[in-house]
Amino acid sequence: MPSASFSSSRSYVRRSRRKGGHRIPLPSRTQSSEPCESVPCPNNVTGSAMAATACAGPSGSGGGGSPPVPAAAPATTAGHHSPYDLRRKSPPAYHEPGPSGACSLPARKRPRTDAIYRSLSQGVDVCNVSQYLQYELPDEVLLCILSHLTERDLCRVAQVCKRFNTIANDTELWKSLYQSVFEYDTPLMHPAPCQFEFVAPDECEADNPWKESFRQLYYGIHVRPNYRSKKDSRIKHFNTIRAALEYVEERGGGSGGVGSSSSGGGSSPAIAGASTGACACGAGACSCRRASTSASAPAPALLFVHAGLYQEECLAIDTDIQLIGCAAGNVAESVVLEREAESTLTFAEGASRAYAGHMTLKFSPDATSTMQHHKHYCLEVSDNCSPTVDHCIIRSASVVGAAVCVSGAGANPVIKHCDISDCENVGLYVTDYAQGAYQDNEISRNALAGIWVKNFANPIMRRNHIHHGRDVGIFTFENGLGYFEANDIHNNRIAGFEVKAGANPTVVHCEIHHGQTGGIYVHESGLGQFIDNKIHSNNFAGVWITSNSNPTIRRNEIYNGHQGGVYIFGEGRGLIEHNNIYGNALAGIQIRTNSDPIVRHNKIHHGQHGGIYVHEKGQGLIEENEVYANTLAGVWITTGSTPVLRRNRIHSGKQVGVYFYDNGHGKLEDNDIFNHLYSGVQIRTGSNPVIRGNKIWGGQNGGVLVYNGGLGLLEQNEIFDNAMAGVWIKTDSNPTLKRNKIFDGRDGGICIFNGGKGVLEENDIFRNAQAGVLISTQSHPVLRRNRIFDGLAAGVEITNNATATLEHNQIFNNRFGGLCLASGVSPLVRGNKIFSNQDAVEKAVGGGQCLYKISSYTSFPMHDFYRCQTCNTTDRNAICVNCIKTCHSGHDVEFIRHDRFFCDCGAGTLSNQCQLQGEPTQDTDTLYDSAAPMESHTLMVN
C-alpha cells in the first residue's frame, strides 16, 4: 500500500459530537508553519486511487499526527466532466476554499457532493476528496474496492477511521478473501500447535470467524501448483511439497519464522514470522496479530497442501512442521499423496511436534516390481518422535506389511479421526515398545487384522470403529500391551479381539459384537484385562480362553451369542467375575479339557441352553454366582470334571439346578439351590460329587435325585420344601448321606427304590408329608443313627421285596407309626429306638373308620388291604379292612397283603358308595409308591 511522502504542516485536535464533526486547526508543533502543498490529481479518480489516498499511513511526526492533507490540484480542462457527475444532484450552496487551498471549515459546513463534483471538473481539493471517501462513499462501493485488497492492506484500511474499520471487518469480505487463500468452506481454527478444528461460523465465539481463522493460519506457507498469488500478498506459494520443506529448512527448520525473502518457488514476498511476534500485515496495532510464542518453543512451521495428486514426493519428516490439506469440500479426498516404491509419509526422530492432517495417503506398489514392500507403509512413525496425524484417509494396496506402522522406543504419535480402510494388509501396526494415542479412527474392510500390537508396544486406543475386517479386528501378540477404551468392534471375519503369546492388553468399555466367529479369543498364554465391555451377538462364543491363557474378564455384559457366552478349554484359566451373561444359545460358561478358571460374582441367566457346563476333566472354582432361569440345567458337571462350586445361588431353572452325570465329580458347598422345574441336584452314571452345606429347596421334582449308578457324599445339607421327595435314590445308586436335615417336604423325606442302596447316617428327617424314609423294590440301604420324627405319615416304610439295615436310629412322633413293614419284608434291625408314634392307622382300624378318612388320596398308610370280586375291583384297587366288614359284607372278597395303600372304597371310585365315608372323592388307582421323579433331558453338547 503506498504511503504519503510528506508530512502535514498542521496538526488537528478532533472534537466531534458525531462522525465528521468539527476539526479545529491548531498551530503545528513543528517549526514549519507553511500550509500543505498542493499535489496534482489525475482527471480520472479511480477506486484504487481513492483507496490509496484514504489508506495512507500517519505522518512521520508521531502516532498523534493527522494524515497528510495534499493541496488542490490544478484545474482540468473546461470541457471535461468528472465521472462522479453520474450521481450529481441539484447543486447546494458552495463555500470557496481559502486562498491557501486548505479546507478550514468544520465538517458539517464543508461542501457536499455536488460541490465536490464541480471541483473535480476544475481542480480537486484533496481534503474534500478525503472527506467524500471517508464519509460519503456508499458502503457497497467501498466493499467492492476493499474486496481487491490483500489481507495486509485490508488491515491497514481498518485503522483509518471507525467507518472503515467496520466495513473492513465485514464477514463476507473476509470470507471471500479467506476462501481465495485457503479454499475451506468452513473456518479452520488453529488454537495451538498441532490443533486444527473446523468450526461453523454460527458456533464460533469470534465476531468474525473468517478473519479469526485467517489470523490463526496466516503464518503458513502454501503448496499450490501453478498458482499465481496477488501482487502485494506476502503469502508464500510453492509448486511441490519438497520445495516447501526445503524452504522451511533454509529459513530455520521447524520454527514458524519465515522471512521476507523472495527466493524459492513462490513469486511474492514471504510473510512475517509468527515466532518474532511481528504483525503479519505490518500494522503495529492490527487485530490480525498472531499471539507470539515463547522463544524456547516456537510454533512449528505450517504448510498448506492444496488440492491435487502429489506422486513420488519423498516425504521424510524429521523436524517440527505441520502439513495440512487445503481444499474446498471434502479436504482429505481432494489432497492425495501417493507413492509406489517407498513409504508415502515418514516421521523420524526430531519430529516431536509435527502434524499431518486432512489429506489422503496412498501406497500403491507397482505390481510388476520385484521390490519387497514388507517395510513400506502409507504412514510410518519411527523412534523418538510424536507427530499428530488427523483426519487422514489411508489406503494401502500392498499385500504385505501394514498401512500404518508405528515402531520403536519413543514413538508416541497421536493418530485421530483417520480412515484406515480397504487395505490389502494390516491396517495399523504398533510394535517394538512404541506407544501413542489412537482415537476416533475408522478402521474397516482390511485384508488382515485391523490393528496389530506386538513386542511390548503399549498404545492407547479410544473410540475407534473397527469393523468388517477380513481377519481379526484387533490382534495383540508376542507381549503386546495397550489400553483399549470405548471402541466399537464388529462384523470381523475372525474374532473381534485376539490375544496371544504373552500379550497383556487392557480393554474397557468396548462393544465387541457380530463377529463371524467369536468375540474375544485369548490363547497361547495370553493375558489381558477385559472390563465393562459389551460382548454380544457373535457367531461363536463371546469369549474364548485356551492353552494356558489367564485373562481377567470383569463386569462385562456377554449376551445373545449364537453359541456360548464364555468358553474355556485346552487348559485355559482366567478370572471371570462380576459379568452379566445371558441369552446365549449354548452354555453361559463352558469349561472343558483340564481348564481351571475362577468364576465368581457373575449373573448367568436366561440362556437358551444351560448356565455353566463343565466337562472333559474341566475344573475351576465357581463361587458366589447367581445362575437362574436357564432353559436346561443351571450347572452341568460331566466326564471326569472336578470343579468346586461354593456359595452360588442356582435357582428358577426350567430343568435341573446342578446336574452330575457320566463320572462328573467335584464339590458343591454352601450353595442355595431352589425353585427348579426338575430336581435341585441330580447325580447319575458313576458321578461322585461331594455335596456339603447346601440349601436345596423348592424343587418341583424333588431335592436330590441319585440314579443309574450315581454315587456322592451328601453332608450337612438342608433339603426342604420340595414338591416330591427330599432325596431320591434309585437304580443301583449308592450315595452316602450324613448329617443332613431333610424336612418339610411335600412328599417323603428319602425315597429309595428300584435297587437303590446308600448309607444314611446321623440325618434329621422330620415333618415330611409322606414317609420319612421309604424303601421299595429290591432296594437295600443302610440307616444308622438317624432321627426320623414328626412325620405326617410313617417314620420308615419298607415294601415291595426291599430290605434294609436299620441300626441305632430314633423313630418317634410320626403319625402312622414308627417302622412299617409290608408283607414279606425282613430288614436287619438293631438297636433302634421307636417310640411315641401316634399310630393313627391302628387307632382308625380299632375305631371302625375307613382308612381313607385319615389318609385322603395323598397318603398311603400301611395296613391289610383286600379286593372285592363281587364289585369287580382290579389289582390297582384296595379296600381297607373296615370297608370289607361294612361296605362289602357278604361279597366275595380276598386278602391281598399288608402294604401301603389308601382305600378306594372310601375314595368313592368303586360302584358302591362307602358307608363309612362321607362325600366321594374323585380319584384314580391306588399308588403303591411315591411318584417317580423326572430325569433330566439335558443335552450333552460339547
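Tutor: Let's begin at Asn648, which touches Ile622, Glu623, Glu624, Asn625, Asp670, Asn671 and Asp672, leaving aside residues up to four places away in sequence; a contact here means heavy atoms within 4.5 Å. Asn648 sits in the loop between β49 (644-646) and β50 (649-651). Strands are DSSP runs of E with at least two residues, helices are runs of H or I with at least four, and both are numbered from the N terminus. Buried means under 20% relative accessible area, exposed means over 50%, and partly exposed is in between, using a 1.4 Å probe and protein chains only.

A word on the ground rules: this is a predicted model, so local features need pLDDT of at least 70 and side-chain atom pairs count only at pLDDT 80 or more, while totals for chains, interfaces and linings use all residues. Residues are numbered from 1 along each chain as its sequence is written, and side-chain values use heavy atoms, with hydrogens and water left out.

Charged pairs come next. A salt bridge is a side-chain nitrogen of Lys or Arg within 4 Å of a carboxyl oxygen of Asp or Glu, and the count by this rule is 38. One of them joins the side chains of Glu577 and Arg554, at 2.6 Å from N to O. This pair links distant parts of the chain, 23 residues apart: Glu577 is in strand β40 (residues 575-577) and Arg554 in strand β37 (residues 552-554). Glu577 counts as buried at 6% relative accessibility, whereas Arg554 is partly exposed at 23%. There is also a network, in which salt bridges with shared partners join Arg646, Glu669, Arg692, Glu715, Arg739, Glu762 and Arg785.

Now to the nonpolar side of the picture. A nonpolar core is a set of buried Ala, Val, Leu, Ile, Met, Phe, Trp, Tyr and Cys residues joined through side-chain atoms within 4.5 Å. The largest has 148 residues, of which Phe347, Leu379, Val406, Phe497, Ile589, Val681 and Ile750 touch the most other members. Helix α9 gives the most to this core, with five residues. Apart from this core lies another, of 39 residues, including Ala168, Leu173, Tyr178 and Ile324.

Setting aside residues up to four places away in sequence, Ile750 touches Val727, Ile729, Leu737, Ile742, Leu760, Ile765, Gly772, Val773 and Leu774. Strands pair if DSSP finds at least two bridges between them. On that basis β60 runs parallel to strand β57 (residues 704-707), joined by three bridges, with Leu705 opposite Trp728. β60 also pairs in the parallel sense with strand β63 (residues 750-753), over four bridges, where Ile752 is the bridge partner of Ile729.

The helices are worth a look too. In α9 (residues 241-250), the buried residues are Ile241, Ala244, Leu245, Tyr247 and Val248. They lie on the same side of α9, because they cover an arc of only 160° around the axis, taken from the directions from the helix axis to the C-beta atoms. After α9 comes Gly252, with a positive phi near 125°.

Helix α8 (residues 209-217) has eight of its nine residues buried, so it is largely enclosed by the rest of the structure. Its buried residues pack against α5 (151-157), α7 (171-181), β3 (188-192), β4 (195-198) and β7 (301-306). Within α8, Glu212 forms a salt bridge with Arg215, with the closest N and O atoms 2.5 Å apart; the two are three residues apart, about one turn of the helix. Arg215 is buried, at 17% relative accessible area. In α5, Asp153 and Arg156 are likewise three residues apart, and their closest N and O atoms are 3.5 Å apart in a salt bridge. Asp153 is buried at 7%, while Arg156 is partly exposed at 26%.

To step back: the protein has 14 helices and 76 strands, and 54% of its 942 residues are buried.
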